[in-house]
Amino acid sequence: MNPPRRILVCDDEPHIFLVVSTKLRNAGFEVMTAQDGAEGLQLARTHQPHLVVTDYQMPVMSGLELASRLRLQIETATTPLIMLTARGFSIEPADVAKTNIRVVLPKPFSPRELLTTVQRVLDESGAARPVPAATAAGGSV
Amino acid sequence: MAMGCSTHRAENSTVGVVGVDADSTAAISRVQDAPIQSADFDALAAASRESGLWLSAWTLRGEVHRADGDGPDFLAACWRWSRRWRGCLSNTVRAYADRLTASDGLASADAGAELTDFARLPGLSVWLIPIIVRRRPMGVLVALRLSQPVDDEVLRRFCDDFELDVQALRSQEPMGADSWSAAIASRALLVRALADRMEWRTGSQQIDSLVQNLAHTYEELNLVYRVSAELDLVRDPQELLQRVAEETRMVSRARSIAFLISNSLWPQLQTDESGRSASDPADGDGVRCFVVNGECPVGKADVQRVANAVLVGMTPTAPHCLVNDVPSRSDLAWAGSWLRHAVLLPLTQRQRCLGAMLAMNCVDEGDFTSVDVQLLRAVADRVAACVENQRLYDNLAEMMMSLLRVLINSIDAKDPYTCGHSERVGFLSRRIAELVGLGPIESQRAYLAGLLHDVGKIGVPDAILGKPGKLTDEEYSILKKHPEIGAQILSGIRQVQDLIPGVMFHHERYDGRGYPSGLRGDGIPRLARIICLADCLDAMTTTRTYRAFLPPPLALAEVRRCAGTQFDPEIASALLGIDVVGLLTHAHRFAGSRLPEVRNPLAPPDSDPESASARWQILSREMFVTQVQTW
């Protein structure tokens, strides 16, 4: 029985981090939340999540900066990230390439799609899937 | 009041009573009956412990839900060891609950009760506090507090009453002095704490519900964005609808989704006196586009029957019809073996019904809800707009082509021998373009160019065009102007600019001895080289005022002979590789004419039922959308 994979969700908007964390928790992941980049950075250092889902536009520290800093931190140098951005807002691929951001998803995103993306990124980075407590065949929210 | 956990937790801290003592007052096994959530009770119990309180939670029927296994040991021990004690508490709760619910069922937290010197034990207080959710009592919180030490005589009597062992009970701490000073508990504080907790719990549940709803809304929004992006006017409708159905199905709870688009507008559903509609909305021929996506155990015919049946039965202006129990509807019972739920959404634009979207069966155990219908409606609206646009577009394109044909045919009709010539050159050009490897869009443009290649003849006097004999040099030089005149005419139409080189240079020769410019080889635009061959092929095989026709084999021999001089050799060999007689026959059918043949009295007459469909093969949306600049 695998221990649950830890995911850090970083977003200043409650409606986003609540939807994301609920979806991921229901799928069996252990979820921590942070409301800005600085808090996320600290949580990541102490708890070493297997994956970070972060918004791009945040106060104090943007998602991109968070990604860069995570790369520089020893404890989180290889942690993969998924970045959420407002639709139509493009990020320089060059900037993305300097970090461990694996996927950029525009908002509004499909929570279901986010879940499969999370599982894919974790699979690719070598972490096993958790066993969810209870999921209906069709996938519950 | 602090909600933090106590610093020490004994092994069995809070214990649910399920399974502890089968004989004790029946424990609750279903969470729905629970008067209070376990997490909430544990928090309250932990906080109360420090004030010397022992907490337990009960249903209104006097069944214990959860009891503090830690805390003041005397009280905890009584609970653990004495069945009579438990029974006594149960009866007390029961009596209190009966009084509580005797009124109209609503109660306030102030309606609690306090019993002092309970069970003839001086200093033992029992607080009964109703657990209220939205002004309705859900259960009773019972707090026990012993505020003074028990003397031996009283203890002995107590133990007799409740079948407890005196020595064992005596040894329970805290009977000592410390506990009494800690008893600063106040009933008011506990009531307040419980109320806060219940409020927080309600809020928390509301947030959970909101989050569920929000997540679903995101899915819907995402779907609508994606579907809107997919609704591309130029794509093949079948493929487009299949994709939209697939995307929608992934997000919705439907097992399968079907789109039916009718050929003509489905009539307004007007029922006559008998209640039947004026005409059957979509019979087999009337359906232009029909896709079914997902698991569907029956064929399209049955799906269509369902769609018709539902459509006929609904109000014409209703945005949807939801049937969650198909077998119970008499007009749909025949489908009951494979269909349980159905949602039909008419695709309407400007009060006209263009078709329908049908969602069949749910993926999970439930029914289709209004939330599902909302999602489907959002998609249906977009599809309806797209279908209508395509229809309008097709109408316009059809009109344009008809106008064009009328124009060209009127030019060709001046000479009965050239009747249909431009149509045939268009047809042949398109085929030849395909043979040399041009894509479908470019080939369609070649058709258009072929159709227009002789439009410049309108500037050439009829006398010259219809002259039976040989033309004088002067007459010939006037005739030779028609490619340039054609190009000039077309220069006024922005959408056919790419066709102008084909029209202008269709009389150039590969060896450079053509007109108007004497271009040679690959310097001649490829479209012009194609049209040149098509034009000559048709001219050779039809009768003209100035000469008879050439039978196809002889015409082909000419093409072979002139490959490299008059014609591009590559294009010529592509043509020579196929059944040219068949091609010419088709071209004539398309143009409504006949391929002249050496007379054979036994040959059956031509019938051309296929000309209409052949015509339709040419007309398609794509040719009007892109102008290809790569000639």
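**Questions about a two-chain model**

Q: What makes up the lining of the largest pocket, by class?
A: The lining has 15 nonpolar, nine polar and 14 charged residues. Here Ala, Val, Leu, Ile, Met, Phe, Trp, Tyr, Cys and Pro count as nonpolar, Asp, Glu, Lys and Arg as charged, and the others, Gly among them, as polar.

Q: What kind of model is this, and how are its parts labelled?
A: This is a predicted model, in which local features need pLDDT of at least 70 and side-chain atom pairs count only at pLDDT 80 or more, while totals for chains, interfaces and linings use all residues. Residues are numbered from 1 along each chain as its sequence is written, chains are lettered from A and ligands numbered from 1 in the order written, and side-chain values use heavy atoms, leaving out hydrogens and water.

Q: What makes a space a pocket rather than a cavity?
A: On a 1 Å grid over the protein atoms alone, a cavity is a set of points where a 1.4 Å probe fits but cannot get out, whereas a pocket is an open set with protein on both sides within 12 Å along at least five of seven lines. Lining residues have an atom within 4 Å of a point, and by this test the largest pocket has 38 of them. Nearest its centre lie B:Leu479, B:His507, B:Ala539, B:Arg544 and B:Tyr546.

Q: What is the volume of the largest pocket?
A: It is about 1,100 Å³, the space filled by probe spheres set on grid points joined across faces, edges and corners.

Q: Which helix gives the most to the lining of the largest pocket?
A: That is H17(B), with five residues. Helices (H or I, at least four residues) and strands (E, at least two) are DSSP runs, numbered from the N terminus. Helix H17 covers residues 526-541, and among the others that each supply at least two lining residues is helix H10 (370-412) of chain B.

Q: How do you know what B:Thr92 is in contact with?
A: Contact means heavy atoms within 4.5 Å. Leaving aside neighbours within four places in sequence, B:Leu115, B:Phe118 and B:Leu128 pass that test with B:Thr92. Also, the backbone oxygen of B:Cys88 is 2.7 Å from a polar atom of the B:Thr92 side chain.

Q: What makes B:Arg120 and B:Asn361 worth a look?
A: B:Arg120 has a positive phi of about 60 degrees although it is not a glycine, and B:Asn361 likewise has a positive phi of about 60 degrees without being a glycine. B:Arg120, in the loop between strand E4 (113-115) and strand E5 (124-133) of chain B, is partly exposed because its relative accessibility is 48%. B:Asn361, in strand E11 (residues 352-362) of chain B, has 12%, so it is buried.

Q: What is the order of the elements in chain A?
A: From the N terminus on, they run β-α-β-α-β-α-β-α-β-α, which comes to five helices and five strands.

Methods. Polar contact = N/O pair within 3.5 Å; in protein donor to acceptor, adjacent residues only side chain to side chain. Buried < 20%, exposed > 50% of the residue type's maximum accessible area, 1.4 Å probe, protein only.
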